[in-house]
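Hi,

Here is the structure I promised to pass on.

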Amino acid sequence: IFGWKNEDGTRRFRKAYSKMSRKNAKTELFGAISYILWLFGRRESPQLHCTATKKAQADIAFQAIRSMANDLNRDSKKVRRLVKVQEHEIKIKGGGFIQKLGRDSKNEDGYDPLVGLIDEYHAHATDGMMEILETGMGNRDEPIILIITTAGENIYSPCAQFEENVCQ
């Protein structure tokens, strides 16, 4: 994901996909990567959105990131001065934030994500959350979408289509 750059120095790959069996800490792994990209991305008002089909599912990734943010705040005065960890949102000095979104959220529009984390992609009936992230990233130089999932059975799902068209 990180080693390749375009000629202008920007990120070559804008999506990362990981499919792992259950209970292998994929949410924690990609939560940590997301948090690092958000915290150290050196972008104005960075936004990180944890997404899933339901806000409760997106909360699993958010809580993993929240736990890491609390640990880092405890261990680093510098980070503690920058990052404020709240129950439902994490904020960074300068206007950036981390939030959770689900298809059942009241409003998914109007965001400008630097990082989008899509959890359990196999369960998404449509590509709605992917489209919300992608269209919101238009003003970013180096946005990235991290997609994590377990195996699904629906061969017509957006996840199965993504695997067939992009991952092959």
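**What turned up**

By class, the lining of the largest pocket has 2 nonpolar, 4 polar and 6 charged residues (Ala, Val, Leu, Ile, Met, Phe, Trp, Tyr, Cys and Pro count as nonpolar, Asp, Glu, Lys and Arg as charged, and the others, Gly among them, as polar). Among the residues lining that pocket are Arg22, Lys23, Asp119 and Glu120. H1 (26-40) and H2 (55-75) are helices that each supply at least two lining residues, and H1 gives the largest share, 3 residues. Helices here are DSSP runs of H or I with at least four residues, strands are E runs of at least two, and both are numbered from the N terminus.

Before you go further: this is a predicted model, where local features need pLDDT of at least 70, side-chain atom pairs count only at pLDDT 80 or more, and totals for chains, interfaces and linings use all residues. Numbering runs from 1 along each chain as its sequence is written, and side-chain values use heavy atoms, with hydrogens and water left out.

Now for Arg11, in the segment before strand S1 (15-19).

Lastly, Val166 sits in helix H5 (residues 158-167). Val166 and Ala25 are 141 residues apart in sequence and 24 Å apart in space, C-alpha to C-alpha.

Cheers

Technical notes:
On a 1 Å grid over the protein atoms alone, a cavity is a set of points where a 1.4 Å probe fits but cannot get out, and a pocket is an open set with protein on both sides within 12 Å along at least five of seven lines; lining residues have an atom within 4 Å of a point.
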